[in-house]
Amino acid sequence: MQLGIKNIGVYLPEGRASNLGKLAEFEIDETFITEKIGVRSRSIMAPGESTTDLCVRAFADLELRGGPVRESVDCVVVVTQNPGANIPHLSARVHAALNLPERCACFDISLGCSGYVYGLSAIQAFMDANKLSNGLLFTCDPYSPIIDEADKNTSMLFGDAASVTWISKAAELTAGRFTFGTLGSEHAELTCASPAGSLTMNGRAVFNFAARYVPADIKQLLEINAVSLAAVDRFIFHQGSKYIVDTLRKLLRLDAAKVPFDIMEYGNTVSSSIPIILAKDLGESAYRTFVLCGFGAGLSWASVVLTRPSDI
Amino acid sequence: MNVTIDQLREIMIQAEITMKNPAELDSEVPLRQQGLDSLDMATFVFFLEEALGITIPHTEYKRLGTLKSLADALNEHGEEWAKKK
């Protein structure tokens, strides 16, 4: 039986910062915020709340949805580029906070918005190679500490969140072949030079990258998985902004009902944006085939087709 | 390169920039003054580059203010920009 996604837990901090207070400062109107950026308010972690806390709260949500018995967890992977502290790895701190077994592999993956899809491939391959049974793939990349509130390019986009995906057999969704790519020559277009620095982003360059590479990648992905565009029920794109999700939908000529946009009240949560939506869709049995695509810092992208095991 | 203002309007339609009907845009008034915001401009430039097979250098964006100045820039430098792709 193939490993796959068994369930997903999510944590969005209750704190919110409104973008409506920035209208005059950035000389924009409310329509620009709601129709272009697509983020009215951003989730913000509470003072004193740590990355470990975010992960633990995501796991608490997973437990409410019927998560794994803690004693059975044998693998923890955290996708983050803002771990809170560099040493030790965040997955070890989460391991301690959840009181997980000693016989449990833990490692972090340093990726941004493509990280969830990369992480799915990495944890499943690692678990399969080492005969592990119950893995937890966390995403936790709070950007609020690295945002310059005066920067129009970045300060209205990002929200803090965490997710945890339970990887096991008897899964709800299993993965087909993945596609990956990197445009390292363009890495300076989205960067945070030092731990104490602020994020900088060339929005036009990142937009051009996504519009140019993602549609072509989706077409290649579907071809190698022998799945037609029409057979896909949900295209869950990384929620960079409404503007980029709308553009990808137009370029691929997709039905708007198949392309969720969800971040109006919490923002772009980096590697958590895809699992937050997937957690909502997981219980919708009418959705049989999914395409996930993450893209961002690197510049990097990754895509995968997920299907219900009974459909194989 | 021989690009007309009507071709640019057609590309704008393909890009689904709907703030204003492209046929009604004054070719000599800056697009930003006619309702296109920064994101509309980014979309327009992307579709333009894809349609014409060019890459417009960032340093030339200031010349893209009006449809007329854009057509002039493309006709003057289009082939040079095509080579850079």
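User: Which residues in α6(A) meet which residues in α2(B)?

Analyst: This is a predicted model, in which local features need pLDDT of at least 70, side-chain atom pairs count only at pLDDT 80 or more, and totals for chains, interfaces and linings use all residues. Residues are numbered from 1 along each chain as its sequence is written, chains are lettered from A and ligands numbered from 1 in the order in which they are written, and side-chain values use heavy atoms, with hydrogens and water left out. Helices here are DSSP runs (H or I, at least four residues), as are strands (E, at least two), numbered from the N terminus. Contact means heavy atoms within 4.5 Å. From α6(A), A:Arg204, A:Phe207, A:Asn208, A:Ala211 and A:Arg212 meet B:Met41, B:Ala42, B:Thr43, B:Val45, B:Phe46, B:Glu49 and B:Glu50 of α2(B).

User: At what angle do α6(A) and α2(B) pack?

Analyst: Axes are lines fitted to C-alpha atoms, for helices over the stretch in contact, and angles run from 0 to 180 degrees between N-to-C directions. Angles under 35 degrees count as roughly parallel, over 145 as roughly antiparallel, 65 to 115 as roughly perpendicular and the rest as oblique. Here the angle is about 45 degrees, with the axes 10 Å apart, so α6(A) and α2(B) are oblique to each other.

User: Which residues make the contact between α3(A) and α4(A)?

Analyst: The two helices pack at about 55 degrees, their axes 9 Å apart, and are therefore oblique too. On α3(A) the contact is made by A:Thr51, A:Thr52, A:Cys55 and A:Val56, and on α4(A) by A:Leu90, A:Arg93, A:Val94 and A:Ala97.

User: Which residues touch the most other members of the largest nonpolar core?

Analyst: In soluble globular proteins, nonpolar side chains tend to be buried together. A nonpolar core is a set of buried Ala, Val, Leu, Ile, Met, Phe, Trp, Tyr and Cys residues joined through side-chain atoms within 4.5 Å. Buried means under 20% relative accessible area, exposed over 50%, partly exposed in between (1.4 Å probe, protein chains only). In the largest core, of 107 residues, these are A:Ile5, A:Phe237, A:Leu278, A:Leu292 and A:Phe295. Helix α6 (residues 203-225) of chain A gives this core its largest share, nine residues.

User: Where does A:Glu27 lie, and is A:Glu27 buried or exposed?

Analyst: A:Glu27 is in the loop between α1 (23-26) and α2 (30-37) of chain A. Its phi is near 55 degrees, a positive value in a residue other than glycine. With a relative accessible area of 73%, A:Glu27 is exposed.
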